[in-house]
Every structure is written in C-alpha cells, then in structure tokens.
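Good morning, and thank you for making time for this item.

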Amino acid sequence: MRGVYFGDYHTVADWGLILSAKNINPPTPKIVNVDIDGRDGTLDLSRALTDDIKFNDREASFSFLVTEGTQSDREYMIQNIINTIHGKRLKIIEPDFLDLYLIGECIVSDVINDKAFGSFTVSATCEPYRYYIDEVNRVITASATPVNVVLNNTGRKTVTPMVTVEGSVNLEFGSSKVGLETGTYKLSNLLLKSGSNIVTVSGSGTVVFTYREAVL
C-alpha cells in the first residue's frame, strides 16, 4: 500500500491508512511587473535581486480512508493522528519521490467517521522545493598547486554550501578570494547555481563542501 511520511510517522506502517487521493501543485513563480508611463509593456523585476526566479509556497493535500476496527477504534486513531501532526511543520515524503521531501505546515480537516469507515484530509502549505534526503559531500585535499574543483548542483535551487576546513586553505570563486583556517563556514557569496560551479582550492589540509540539492 502507498503511504506518506509525516515526520517520523508512516501512514501505512504506523496507522494502516489507505491513501485515496493526492494533489500537489507546482509552486507559482513570483512575478513582479511594473507599469511605467512612456514605456512599452511592463518592466519585469522578478530577477532584479538575483539572477534566478523565486517561487511562492506550494499547496499539497492527501486524503485517507480508515477502514479497520470499530467506529470507536477509528475515532481514537483519527484523534491520535490529529494530536500527532495537526499544526506541525514536518518533513513530508511522498510515495512517488522516496529520495525527496517537502517541508510544510500540516492541517487535518474534513474528518468523517461513520459506522462503515472513516476519512480525513491532510493539507500542507509547503516550501517551493522538494529537497533531496541525502546531502552532497565533496572532500578535497588541498596542496600548494591550485586545483579547480567542479561542484555540480543537479537541482533547481541555488544553494550555499557549508565549508569544513582542516588545516589552512585558500578558496577562489567568481571574483572572491578567501583564506580559511580549521573550522566550519558558510560563505554568503559562495552560491552554487544549477549546473557546474568552479571553486579553486589551494593550501594545506582538507576542505569538505556539504550542500543539499533541491528540485521543483
């Protein structure tokens, strides 16, 4: 049976629910058009702050059937589920994308429990992206000779990696140069856009780039 993870709970393994319907809309782009007198058409400012488009939250809903047990059993189960996930911000893993997760605020609604069966819907307002469960970790050994490191971002979202250094290394990316000693850093101007990104590494020691890719 197809099930959904809400946080640490699986709707089949933990509750024996039947997923009867699922609907997840793509996130809508944040379009900002400004009408300026004396200019043809409108001015698109959607990418004014960054080179890539930003997205609004996305809506998701999951409908479930409860068929096992008595009406009282089902009532107890549904109330337990409400107390477990209602109003909580959780990771949501869909049965069709087991290597990805959404993050959303979960709301339980449309609760029905009659003599034959029970049903309810879990809706969630989610962040725009589906995130990969596994992070990317690239371990580089630095030397006196600069090495160009290609950091691939196979997702759609621009990400900022965590940089963990042991030793003393120098990084060059874009027009930026930075020297780092042992420690963990998040460099706000080190942005990994979708595709291949080059960082030049030199020095003595190791550097680990850790980041999580995300798709629409």
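This is a predicted model: local features need pLDDT of at least 70, side-chain atom pairs count only at pLDDT 80 or more; totals for chains, interfaces and linings use all residues.

The chain has one helix and 16 strands. Its radius of gyration is 23 Å, well over the 17 Å that the globule rule gives for 216 residues, so the chain is more spread out than a compact globule. Along the principal axes, the C-alpha trace spans about 75 × 60 × 25 Å.

Two further figures describe how the chain is packed. Of its 216 residues, 37% are buried. Among contacts with a separation of 6 or more, 70% are between residues 24 or more positions apart. As for the surface, the chain exposes about 12,100 Å², and carbon and sulfur atoms supply 50% of that area.

Let me move to the interior. In soluble globular proteins, nonpolar side chains tend to be buried together. Which residues touch the most other members of the largest nonpolar core? They are Phe6, Phe62, Phe64, Ile85, Ile92, Phe120 and Val122, in a core of 22 residues. The elements that give two or more residues to this core are strands E3 (18-24), E6 (58-66), E7 (89-93), E8 (100-113) and E9 (118-126), together with helix H1 (71-85).

I turn now to the cysteines. How many disulfides does a search of the whole structure find? The search finds zero. Consider cysteine 106, which is buried, with a relative accessible area of 0%. The closest cysteine sulfur to its own is in cysteine 126, at 7.0 Å; because a disulfide needs the two sulfur atoms within 2.5 Å, that is too far for a bond. Cysteine 126 is likewise in no disulfide, its nearest cysteine sulfur being that of cysteine 106. Cysteine 126 also counts as buried, at 1% relative accessibility.

Serine 176 is located in strand E14, which covers residues 176-186. Is serine 176 buried or exposed? Its relative accessible area is 19%, and because buried means under 20%, serine 176 counts as buried. Not counting residues up to four places away in sequence, serine 176 touches Leu171 and Asn189. With asparagine 189 there is a polar contact between side chains, at 2.9 Å.

The other residue is asparagine 137, in strand E11 (residues 136-142). Asparagine 137 counts as partly exposed, at 49% relative accessibility. Which residues does asparagine 137 touch, not counting those up to four places away in sequence? They are Val208, Phe209 and Thr210. The side chain of asparagine 137 makes a polar contact of 2.7 Å with the side chain of threonine 210.

Methods:
Residues are numbered from 1 along each chain as its sequence is written. Side-chain values use heavy atoms; hydrogens and water are left out. Buried means under 20% relative accessible area, exposed over 50%, partly exposed in between (1.4 Å probe, protein chains only). A nonpolar core is a set of buried Ala, Val, Leu, Ile, Met, Phe, Trp, Tyr and Cys residues joined through side-chain atoms within 4.5 Å. Helices (H or I, at least four residues) and strands (E, at least two) are DSSP runs, numbered from the N terminus. The radius of gyration is taken over C-alpha atoms; the globule rule is 2.2 Å times the number of residues to the power 0.38. Contact means heavy atoms within 4.5 Å. Accessible areas come from the Shrake-Rupley method with a 1.4 Å probe; for residues, only the protein chains shown count as cover. A polar contact is a pair of N or O atoms within 3.5 Å; within protein, one must be able to donate a hydrogen and the other to accept it, and residues adjacent in sequence count only if both atoms are side-chain atoms.
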